[in-house]
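Colleague: I have not worked with this structure before. Could you take me through it, beginning with the ligand?

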Amino acid sequence: MATRGAFIAIEGLDRSGKTTQVATLQARLDSEGIPVKLFKFPDRGTAVGKMIDSYLRSQSELDDHAIHLLFSANRWELAAAIEQLLAQGTTVVCDRYAFSGVAFSAAKGLPLEWCRAPDVALPAPDLTLFLDITPEKARERGGYGEERYEKEEMQRQVRDVFRVIASEFDDATWVTIDAGRKQDAVAADIWDCVHPLANGIVGPVQRLWV
Ligand code: NYM
């Protein structure tokens with residue numbers, strides 16, 4: 001039976017080592033000869049992404065609802081490209097996706113259900129790996145950066161919302177990984193989860209949030 005590419009989202013808190021782990025996963029898939037394409041959200045290169053970038057750097061102010069919708073629009077801009085790649089048999093890895101959208105906006109106080117609405121019907125990942133790190137560990141790693149949201153209290157709230165989101169998924173679809181450990185140990189866990197999907201998936205791409 002024909003297979004399509006797997007859709008993998010890597011979510012995580014700031015300082016969880018997400019960017020390094022995404023690069024390591026991409027290199028591993030490459031070395032195994034598995035076609036892979038990486039997306040990163042927000043994609044700051046699009047017209048919408050430029051507005052998001054300016055907001056995150058505190059160069060502009062936006063209403064919380066408005067920025068939430070822009071983050072979602074940024075995913076919709078690339079949704080068709082993601083679906084096309086999956087249909088061609090390419091594995092798609094996303095560095096952040098809609099779960100970050102919900103987690104960060106709900107952490108600011110917007111209602112969870114409102115936060116989900118603009119992402120309804122986006123392609124749903126087959127597997128989401130959540131790189132979890134305690135604020136204490138993040139502090140040991142040198143603390144947070146300069147951008148908006150990179151504050152300990154906000155990160156705690158984001159982590160709480162991620163836990164709520166995680167509880168809605170089964171163990172095969174959402175895996176929480178302790179990212180406070182050594183890079184190699186985290187990479188090995190990620191590969192154990194991704195490997196079974198890397199040769200392709202039978203069946204259509206699912207939709208958020210069903
Ligand atoms: N972020 C990211 C959101 O608030 N909503 C979203 O939909 C997405 C995809 O942007 N602190 C936040 C989380 C991060 C920030 O992400 C920028 P990164 O991975 O640091 O570039």
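This is a predicted model: local features need pLDDT of at least 70, side-chain atom pairs count only at pLDDT 80 or more; totals for chains, interfaces and linings use all residues.

Colleague: Which residues are around the ligand?

Modeller: They are Asp-14, Phe-41, Pro-42, Leu-56, Phe-71, Arg-96, Ser-100, Gly-101, Phe-104 and Tyr-149.

Colleague: And which helix gives the largest share of that shell?

Modeller: Helix H4, covering residues 98–107, supplies three residues, the largest share.

Colleague: How do the axes of H3 and H4 cross?

Modeller: The axis of helix H3 (residues 64–87) comes within 10 Å of that of H4, and the two cross at roughly 175°. H3 is therefore roughly antiparallel to H4.

Colleague: Which residues meet there?

Modeller: From H3, Asp-64, His-68, Phe-71, Ser-72 and Arg-75 meet Ala-98, Gly-101 and Ser-105 of H4. The contact has two nonpolar, four polar and two charged residues. Phe-71 and Gly-101 are also listed around the ligand.

Colleague: Turning to the strands, in what sense do E1 and E4 pair?

Modeller: Strand E1 (residues 7–12) pairs with strand E4 (residues 127–132) in the parallel sense, over five bridges. Ala-9 stands opposite Thr-128 in E4.

Colleague: What about E4 and E5?

Modeller: E4 and strand E5 (residues 174–178) also pair in the parallel sense over five bridges, and Phe-130 is opposite Thr-176 in E5.

Colleague: Lastly, which domain does UniProt list?

Modeller: An unreviewed UniProt entry lists "domain: Thymidylate kinase-like" for residues 10–190. Over that range the chain is 51% helix and 13% strand, and its end C-alpha atoms are 9 Å apart.

How values were computed:
Residues are numbered from 1 along each chain as its sequence is written. A residue is near a molecule or strand if its C-beta atom, placed from the backbone, lies within 6 Å of it. Helices (H or I, at least four residues) and strands (E, at least two) are DSSP runs, numbered from the N terminus. UniProt positions are given in the numbering used here, feature names are shortened, and annotations may be inferred rather than shown by experiment. Axes are lines fitted to C-alpha atoms, for helices over the stretch in contact, and angles run from 0 to 180 degrees between N-to-C directions. Angles under 35 degrees count as roughly parallel, over 145 as roughly antiparallel, 65 to 115 as roughly perpendicular and the rest as oblique. Two residues are in contact if their C-beta atoms, placed from the backbone, lie within 7 Å. Ala, Val, Leu, Ile, Met, Phe, Trp, Tyr, Cys and Pro count as nonpolar, Asp, Glu, Lys and Arg as charged, and the others, Gly among them, as polar. Two strands pair if DSSP finds at least two bridges between them.
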